[in-house]
Amino acid sequence: MKNIKTKNFKTSDVVHSDFNKLPIEVQPIAYIAQGFIQALRDKLGIPLVVTSGYRYPAYNKQIGGSENSFHMWRFDKDGNAIFALDVMSPSMPAAKLYELIKPLVKGETYLHRKLQFVHIAPYGADEEWVI
């Protein structure tokens, strides 16, 4: 598998590491996440930046992430891709971006006010969190 480019994103933009060093089972999810964020950007018509994508389990633990974080990408027992992306836009505040994204994404979506990003996990619980 290789680092491919869509209109606005390279695969490495969603994983934040050397794509070739990803566990082999995570690489297909990188393509799914890349297609997802490109489709979201196309729908919104604004630039998006992925600030956090895939996290190795050791790194996730180091930063205090949940033991079951959707940032530790995986497939569930039915073959569904589980992934999370944290995003921001240089063209608007995170609160406004959250208002635009929330109706478009079924799953776990929340606004992190302090760090100014929107967390998106399309497979996650259909909840609204504001941190």
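I call a residue buried under 20% relative accessible area, exposed over 50%, and partly exposed in between, with a 1.4 Å probe and protein chains only.

I noted that this is a predicted model, where local features need pLDDT of at least 70, side-chain atom pairs count only at pLDDT 80 or more, and totals for chains, interfaces and linings use all residues. Residues are numbered from 1 along each chain as its sequence is written, and side-chain values use heavy atoms, with hydrogens and water left out.

**Overall**

I looked up the fold and found four helices and seven strands; these are DSSP runs (helices H or I, at least four residues; strands E, at least two), numbered from the N terminus. Along the sequence I read the pattern α-α-β-α-β-β-β-α-β-β-β. I also noted that 44% of the 131 residues are buried.

**Salt bridges**

I counted three salt bridges, each being a side-chain nitrogen of Lys or Arg within 4 Å of a carboxyl oxygen of Asp or Glu.

I looked at Asp86 and Arg55, whose closest N and O atoms are 3.7 Å apart. Asp86 sits in strand β4 (residues 85-88) and Arg55 in the loop between β1 (49-52) and α3 (57-62), so the pair links distant parts of the chain, 31 residues apart. Asp86 is buried at 4%, and Arg55 is buried at 11%.

I then checked Lys77 and Asp78, with closest N and O atoms 3.6 Å apart. Lys77 is exposed at 78%, and Asp78 is exposed at 57%.

Last, I found Asp13 bridged to Lys10 at 3.9 Å between the closest N and O atoms. Asp13 is partly exposed at 27%, as is Lys10 at 38%.
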